[in-house]
Amino acid sequence: MLSVNFDALTRYLDRTAERGIPGCDLVVTLGHEVIYRHMSGEREPGKPMRGDEVYVLYSATKLFTMVAGMQLIERGAVRLDDPVSKYLPEYANLTVLDGGEVRPARTVMTVEHLMTMQGGLDYDTDSEPIRACLAKYGQAATTRQLAAAFVQKPLLFDPGTHFRYSLCHDVMAAVIEVASGLRFGEYLRRNVTEPLGMRCMGFSLSEVQLSRMASRYRWDAQERPVEEERTGNFCRISEAHESGGGGLMGDVDSYILLPEALANDGVGRSGAHILTRASIDAMRKNRLTGDSRRDYDVLCEKRGYGYGLGVRTLTDPATSRSPVGEFGWDSAAGAWSMIDVDRRLAAFYAQHVLNCKRAYDEFHPAIRDLIYEGLEA
């Protein structure tokens, strides 16, 4: 029988309120069993956490997008070295802004460049081409139409030569739509969320589910949480935009089912097999070298980690209690996932605080190491 002691982890989570996090929730699974669950703080002022809170997941969506992309690669519908223009013709004649001048791109943007954030795009969701797309289509502007607008602006660099966190995964969602013949949200429903048994996960939720939305906050300059509006998501450029980079909403019970499946060779608690171990290993292989790796280290500041196909991946065991190849991603509001295929260990942590830099620098590494400390007790 497994002997664990997560007392130190519980004490840490119970102190998050004094660190400026009004409410948080963490679940840890081993195999297909929940071995730890703890909530701390309030779902909204004056109401304690219950565990059924709904969160805007922002970039925690990216793990779903990468799994969808890898599924299509497994099926032969997409290849990593495919030009993006094979699916999105607007990406055939790319330009680059170079020293104040616009010139033709010297390299072809590939699917792998999208997945590794080496496409040369930026994260400007208010660019002139996007505004023009919205003026033409309004809130009905689709994922595919918006992806076409992104590339009407010159790239920041030749694809494959640098790393830049950007709209690349939103473009990947459009590639998935073309390759599968399905809207992105429908593809996820059929191939990820429904097979894994997720009851609360999607780009649109029911009114009952939305009523469980945890209060949303943003840190001010003094690292104090200031409550925000309960609606809206800056990652979704239009109502019809199913953002592969940050559009999903869901609860902790649903989200954990994806990291858990990835930690168990792609097999979910439901018995559904969503991905092969070979694809999971391909996801968590560091893909960045040279200038791209240096860009990632400076921009993302994830000590000890490289970057695979849309996920951080541990490359330096001296910086963490977790093993080389532990992987996952996080979100703008501080959510965080962790997958360890060696131990079949998975975790998902949720909070709802934008602009909280300490989540990435301090909270996530501490929670990770305290999980391993509890397992080794």
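## Loops, helices and pockets in a predicted model

E223 is partly exposed, with a relative accessible area of 37%. The accessibility classes rest on a 1.4 Å probe and the protein chains only: buried means under 20% relative accessible area, exposed means over 50%, and partly exposed lies in between. The model is predicted, so local features need pLDDT of at least 70 and side-chain atom pairs count only at pLDDT 80 or more, while totals for chains, interfaces and linings use all residues. Residues are numbered from 1 along each chain as its sequence is written, and side-chain values use heavy atoms, with hydrogens and water left out.

**Residues with positive phi**

E223 belongs to the loop between β8 and β9 (225-227). Helices (H or I, at least four residues) and strands (E, at least two) are DSSP runs, numbered from the N terminus. The phi of E223 is near 60°, a positive value in a residue other than glycine. Most residues other than glycine have a negative phi. Y58 also has a positive phi, near 45°, without being glycine. Its place is the loop between β4 (54-56) and α2, and Y58 is buried, with a relative accessible area of 2%.

**Two loop positions**

Where does S215 lie, and is it buried or exposed? S215 sits in the loop between α8 (207-210) and β8 (217-219), and it is buried because its relative accessible area is 3%. Its side chain makes a polar contact of 3.3 Å with the side chain of E227. A polar contact is a pair of N or O atoms within 3.5 Å; within protein, one atom must be able to donate a hydrogen and the other to accept it, and residues adjacent in sequence count only if both atoms are side-chain atoms. With neighbours within four places in sequence set aside, S215 is in contact with R43, E44, P45, E227, R230 and H352, where contact means heavy atoms within 4.5 Å.

P89, in the loop between α2 (62-74) and β5 (95-98), is exposed, with a relative accessible area of 53%. Its C-alpha atom and that of W219 are separated by 41 Å, and the two residues are 130 residues apart along the chain.

The buried residues of α12 are S292, D295, Y296 and C300. Seen down the helix axis, these residues fall within an arc of 100°, so they line one face of α12. The arc is that of the directions from the helix axis to the C-beta atoms. The buried residues pack against β11 (305-307) and β12 (312-314), whereas the face turned away from them carries the exposed residues R294 and V298.

In helix α5 (residues 143-150), 6 of the 8 residues are buried, so the helix is largely enclosed by the rest of the structure. Its buried residues are T143, L146, A147, A148, A149 and F150. Their cover includes α4 (128-137) and α6 (168-180).

**Pockets and cavities**

On a 1 Å grid over the protein atoms alone, a cavity is a set of points where a 1.4 Å probe fits but cannot get out, and a pocket is an open set with protein on both sides within 12 Å along at least five of seven lines; lining residues have an atom within 4 Å of a point. Grid points are joined across faces, edges and corners, and a volume is the space filled by probe spheres set on the points. In the lining classes, Ala, Val, Leu, Ile, Met, Phe, Trp, Tyr, Cys and Pro count as nonpolar, Asp, Glu, Lys and Arg as charged, and the others, Gly among them, as polar.

| Site | Volume | Lining residues by class |
|---|---|---|
| Largest pocket | about 720 Å³ | 13 nonpolar, 5 polar, 8 charged |
| Second largest pocket | about 350 Å³ | 6 nonpolar, 6 polar, 4 charged |
| Largest cavity | about 100 Å³ | 7 nonpolar, 2 polar, 3 charged |
| Second largest cavity | about 60 Å³ | 6 nonpolar, 3 polar, 2 charged |

The largest pocket, of about 720 Å³, is lined by 26 residues, of which S59, Y123, Y165, A332 and Y360 are the closest to its centre. The elements that give two or more residues to this lining are α12 (290-300) and α13 (358-375). The second largest pocket, of about 350 Å³, has 16 lining residues, and the closest to its centre are L210, T231, G232, N233 and M249.

A search of the whole structure finds 3 cavities of 30 Å³ or more. The lining of the largest cavity includes F150, one of the buried residues of α5. S215 and H352 are among the residues that line the second largest cavity, and these two residues are in contact with each other.
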